[in-house]
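Student: I am new to reading models like this one. Could you take me through some features, one at a time?

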Amino acid sequence: MLASYKGGGNSCFHPRMMLKVLLYAYLNNIYSSRKIERQLQEHIHYMWLSGGARPDFRTINYFRGKRLKDSFDAIFTRVVELLHSEGFVSLEVQYIDGTKIESVANKYTFVWRGSIETYDTRLREKTRRILSEAEEVLEMESHETRPDEELSVEEFQARTSRIKEKMNSTDVPKKIKKAVEKTAKEYIPKMLEYERALDIMGKRNSYSKTDEDATFMRMKEDAMKNGQLKPGYNIQIATENQFITNYAVYHRPTDTLTLIPFLESFEKRYGRQSRVVVADSGYGSEQNYEYLFGPNLIPYVKYNMFHQEQKRKYKKNAFLVQNLFYNPKGNYYVCPMGQYLFFIREEKRKSDAGYISQVSIYRAAKCLGCPVRGLCNKAMGNRQIEVNHTLNRYKEKIRYMLNSEEWIFHRKKRPVEPEAVFADIKEAGKFRRFRLRGINGVGIEFGLKAIAHNIKKIAACRGKYGFGWDNLQKVISNYAKNPFLKHEGSLRVA
């Protein structure tokens with residue numbers, strides 16, 4: 001951070017002082033740069049931290065949004081390494097969860113992929129008809145493409161320019177001339193606007209005009225109670241002993257596709273990967289399980305139907321695909337009435353992230369006249385089922401692990417790990433909306449709150465158990481009987 005200051009010019013405020021003031025403000029739930037400026041003028045704690053310096057709100061906001069951009073990630077990492085060196089965290093376990101926090105963007109400045117693609121298709125078709133008609137009147141060579149091919153905006157521009165040049169030396173109907181001029185002035189610029197919107201959107205379905213990195217998603221904090229979509233970000237955190245050990249900001253509203261990049265960011269940050277990963281059913285997918293069972297990880301990650309499978313109603317329903325008898329040698333299923341469902345074919349399914357799964361299709365030979373057909377199958381023909389055997393094998397492994405004693409220990413801790421941290425940040429800390437725009441600004445702002453949370457947690461632990469390593473060792477003596485504590489190597493002081 002110090003290296004980003006070139007020197008010369010007007011005197012500047014020291015970055016260490018600015019960082020201390022910002023962290024203390026976030027620790028006290030003050031996020032507005034104007035309110036921080038006021039605290040520096042009125043509050044003795046801020047005066048002491050700043051050494052009497054009084055940067056204005058513009059300086060504070062510039063430092064937070066610009067100066068910290070390249071160095072803040074390393075600052076957060078150093079704080080967690082301090083926690084690790086003092087024994088507060090082991091970095092051997094990650095309790096992962098996500099939450100959505102609203103962007104500073106205006107919630108009525110939305111751009112939707114579906115609307116853009118629909119309008120763009122209509123506009124291109126209208127432009128194609130106008131240009132084709134003009135070329136026919138001018139007896140020009142048509143530059144039409146095959147129906148399955150689309151002209152680019154540059155090709156539309158070149159085609160329009162050729163027509164306008166020909167019109168200058170030839171008499172054409174006023175209607176045609178007016179349509180071509182409107183195409184050049186309105187339609188083609190509008191196509192460029194649609195093209196830019198799709199580039200900004202990338203793989204997302206929406207974005208906000210006032211914060212192009214924000215995606216519209218449903219928030220739990222819905223004041224109108226109408227399920228209104230708001231521009232926001234998906235914040236993923238990993239905790240241990242209620243300390244935040246890693247965080248990341250994502251555009252995607254769902255958690256499933258964030259797990260792999262989040263685990264990779266943890267490894268990149270510390271040069272190592274944790275031994276245990278604990279997450280809820282929102283992260284259970286074939287792609288995630290394939291990654292989790294690859295390296296030396298112990299994944300306690302539930303899948304969607306795990307809790308449903310424990311219920312008596314689910315277990316007694318003999319017609320569910322999961323409860324049908326399967327013969328792996330003959331590769332067929334048997335329904336409760338003895339009807340065989342034979343293998344038909346295999347199909348490949350592609351997810352939103354581009355992951356390809358292989359699904360096997362099975363179909364019964366004759367369901368007509370079955371007395372329990374209404375309970376088994378509501379389709380007109382014979383019953384057909386789709387089975388992902390790879391995913392089922394992963395589920396079998398996870399099911400075995402989730403019934404172990406160690407999982408019960410982690411299961412009891414998971415609700416009081418990231419859930420409690422989010423409650424402390426969003427409810428107690430009133431941190432429900434970002435003030436900086438863009439994914440980099442949002443990352444800095446949440447990182448400041450994460451560091452403030454960790455510092456407050458350190459102070460609380462030391463205040464409760466006293467200072468020094470010796471006192472911390474006395475604390476963990478109460479947990480020595482726990483067999484999983486030795487595996488994780490954590491002090492459990494929280």
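This is a predicted model: local features need pLDDT of at least 70, side-chain atom pairs count only at pLDDT 80 or more; totals for chains, interfaces and linings use all residues.

Student: Which residue just after H6 takes a positive phi?

Tutor: Glu 139 does, with a phi of about 55°. Residues are numbered from 1 along each chain as its sequence is written, and side-chain values use heavy atoms, with hydrogens and water left out.

Student: Which residue with a positive phi follows H1?

Tutor: Asn 29, with phi near 65°.

Student: How do I check the length of a helix?

Tutor: Work out the expected span, which is 1.5 Å times one less than the number of residues. Helix H6 (residues 113–137) has 25 residues, so it should span 36 Å. Its end C-alpha atoms are 36 Å apart, which agrees. Helix H1 (residues 15–27) has 13 residues and should span 18 Å; its ends are 18 Å apart, in agreement.

Student: Which residues of H6 are buried?

Tutor: First the cut-offs: buried means under 20% relative accessible area, exposed over 50%, partly exposed in between (1.4 Å probe, protein chains only). An α-helix has 3.6 residues a turn, so residues three or four places apart point the same way. The buried residues of H6 include Ile 116, Asp 120, Leu 123, Thr 127, Ile 130, Leu 131 and Ala 134.

Student: What covers them?

Tutor: The cover includes strand S2 (110–112), helix H7 (153–167) and helix H8 (174–201).

Student: How do I read a nonpolar core?

Tutor: In soluble globular proteins, nonpolar side chains tend to be buried together. A core here is a set of buried Ala, Val, Leu, Ile, Met, Phe, Trp, Tyr and Cys residues joined through side-chain atoms within 4.5 Å. The largest has 52 residues; Leu 68, Ile 235, Phe 446 and Leu 448 have the most contacts inside it. H17 gives the most to this core, with nine residues. Apart from it lies another core of 27 residues, among them Val 93 and Phe 262.

Student: What does Phe 446 touch?

Tutor: Contact means heavy atoms within 4.5 Å. Leaving aside neighbours within four places in sequence, its contacts include Ile 101, Ile 237, Tyr 247 and Phe 434. Phe 446 is buried, at 0% relative accessibility.

Student: How many aromatic pairs are there?

Tutor: Rings of Phe, Tyr and Trp (its six-membered ring) pair if their centres lie within 6.5 Å; planes under 30 degrees apart count as stacked, over 60 as edge-to-face and the rest as tilted. The count comes to 25. Tyr 247 and Phe 446 form a tilted pair, 5.8 Å centre to centre, with 55° between the planes. This pair links distant parts of the chain: Tyr 247 is in strand S6 (residues 243–250), Phe 446 in helix H17 (residues 438–465), 199 residues apart. Tyr 332 and Tyr 340 are stacked instead, at 4.6 Å and 15°. Tyr 332 is buried at 15%, while Tyr 340 is partly exposed at 34%.

Methods: Helices (H or I, at least four residues) and strands (E, at least two) are DSSP runs, numbered from the N terminus.
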